[in-house]
Amino acid sequence: MNIIKGFPTVFLFICFVLIIIDCLMVEAGTCKPSGKLRGKKPPPGQCDDNCCEDRKFYTTYKCSPPVSSHTKAKLTINSFAAGGDGGGPSECDNHYHSDDEPVVALSTGWFNNKKRCLKYIKIHGNGKSVKAKVVDECDSTRGCDSEHGYQPPCPNNIVDASKAVWKALGVPENDWGLMDIYWSDTN
């Protein structure tokens, strides 16, 4: 009988321990900001869109949310072509890429020190999916300088995509810019 009386207390204690362990595991899978970057006003004519504001602080990240078979992200638009808004040539191959080629830049953590360079990811959005090649990093650690087009650091959950990706997902052109998506690595 004494074993049965002590059972609820032991059971509650075990449940408590399991909840604490679960919370610690979830916490380990999060990505916290790594710092702040102070914006400075770009020189005249050096930035057309999404420019840094003088003295505004921007959050920086060295990580991104964990990658899964269904990684939630924000899709943005970029031109990887010469003279496009992507700046210089792509970091992975030092080449420019046509707006008709399905290519992307990933936030710093997902770019993973070039480990995803020239590999394909599958992007799901708008009820469709497309394979795209990773060619660049969307820098989440730095920005507001000439190298980054005087734009703020990327958030940590960005898949910055060419026009070809948006077209393949069937998104009407007037809706291009920002969209919730899911992505995964491909084999």
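This is a predicted model: local features need pLDDT of at least 70, side-chain atom pairs count only at pLDDT 80 or more; totals for chains, interfaces and linings use all residues.
Which residues point one way from strand β7 (residues 158-161), and which the other way? I looked: Ile158 and Asp160 go one way, Val159 and Ala161 the other, and all are buried. Buried here is under 20% relative accessible area, exposed over 50%, partly exposed in between (1.4 Å probe, protein chains only). Strands (E, at least two residues) and helices (H or I, at least four) are DSSP runs numbered from the N terminus.

Numbering runs from 1 along each chain as its sequence is written, and side-chain values use heavy atoms, without hydrogens and water.

Next I checked the neighbours of β7. Strand β3 (residues 71-77) runs parallel to β7, joined by four bridges; pairing takes at least two DSSP bridges. Ile77 has Ala161 as its bridge partner. On β4 (residues 103-107) I found three bridges to β7, antiparallel this time, with Leu106 opposite Val159.

Then the aromatics. I found one aromatic pair: Trp110 and Trp183, edge-to-face, 5.2 Å centre to centre with 70° between the planes. The cut-offs, for rings of Phe, Tyr and Trp (its six-membered ring), are centres within 6.5 Å, with planes under 30 degrees apart stacked, over 60 edge-to-face and the rest tilted. Trp110 is in helix α2 (residues 108-111) and Trp183 in strand β8 (residues 178-185), so the pair ties together parts 73 residues apart in sequence. Trp110 counts as buried at 1% relative accessibility, and Trp183 does at 0%.
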